[in-house]
Amino acid sequence: FTKEWATLQQQHLVRNNLVDKFRTGQVWTVQIICTIWRHWYEVWEIRNQVIHGKDKSTRDQARRRRLKFQLEKLYALRKNVCARHRNKFFEHDIESTSSSSKGSHTTTIVNVVASALCRP
């Protein structure tokens with residue numbers, strides 16, 4: 001694929017009398033590939049900053065956002081757990097649960113839900 005690009009660019013340069021040692025189909029192809037990679041890296045960096053934060057403040061916000069999302073998913077499972085198996089954690093409001101306890105309870109809650117699903 002890249003060889004075809006280089007060939008077509010080389011033909012264009014020759015046809016328009018633009019070839020020199022710095023301007024060839026192969027040089028053009030390498031530059032295009034480097035430009036594409038550089039832009040993808042920039043997009044990846046921006047995405048990571050949005051998801052994970054770029055400084056302490058935004059990292060903390062991102063962590064809270066992820067924890068809240070995970071807890072909302074866990075709380076949505078409570079309707080699938082028989083009433084006799086619901087622990088007190090399910091009875092609290094998501095917002096009132098401290099950030100430090102959210103992470104430590106996740107595994108426990110998933111295990112409780114998995115073992116206590118109401119089955120017909």
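I take buried to mean under 20% relative accessible area. The model I am reading is predicted.

**Entry 1: helix H2**
I looked up H2 and found 28 residues. From first C-alpha to last, H2 reaches 40 Å, close to the 40 Å expected at 1.5 Å a residue. I then asked which residues of H2 are buried. I noted Gly25, Thr29 and Asn48. Helix H1 (2-15) is included in what covers the buried residues of H2. After H2 comes glycine 53, and I read its phi as positive, near 90 degrees.

**Entry 2: H2 against H3**
I checked how H2 (residues 25-52) lies relative to H3 (residues 56-76). Their axes come within 7 Å and cross at roughly 70 degrees. Angles of 65 to 115 degrees count as roughly perpendicular, and H2 and H3 are therefore roughly perpendicular to each other. On the H2 side of the contact I listed Val50, Ile51 and His52. On the H3 side I listed Thr58, Arg59, Ala62, Arg65 and Arg66. I sorted the residues of this contact into three nonpolar, two polar and three charged.

**Entry 3: aromatic pairs**
I counted two aromatic pairs, taking ring centres within 6.5 Å as the rule. One of them is tyrosine 41 with tryptophan 44, a tilted pair at 5.6 Å centre to centre, with 40 degrees between the planes. Both residues sit in helix H2, three residues apart, so about one helical turn separates them. Tyrosine 41 is partly exposed, at a relative accessible area of 47%. Tryptophan 44 is partly exposed at 44% relative accessibility.

Methods
Residues numbered from 1 in each chain as written. Predicted model: local features only at pLDDT ≥ 70, side-chain atom pairs only at ≥ 80, totals over all residues. Heavy atoms only, no water. Axes fitted to C-alpha atoms, helices over the stretch in contact; angles between N-to-C directions. Helix = DSSP H or I, 4+ residues; strand = E, 2+ residues; numbered from the N terminus. Parallel < 35°, antiparallel > 145°, perpendicular 65-115°, else oblique. Contact = heavy atoms within 4.5 Å. Nonpolar A, V, L, I, M, F, W, Y, C, P; charged D, E, K, R; others polar. Phe/Tyr/Trp six-rings, centres within 6.5 Å; stacked < 30°, edge-to-face > 60°. Buried < 20%, exposed > 50% of the residue type's maximum accessible area, 1.4 Å probe, protein only. Expected span 1.5 Å × (residues − 1).
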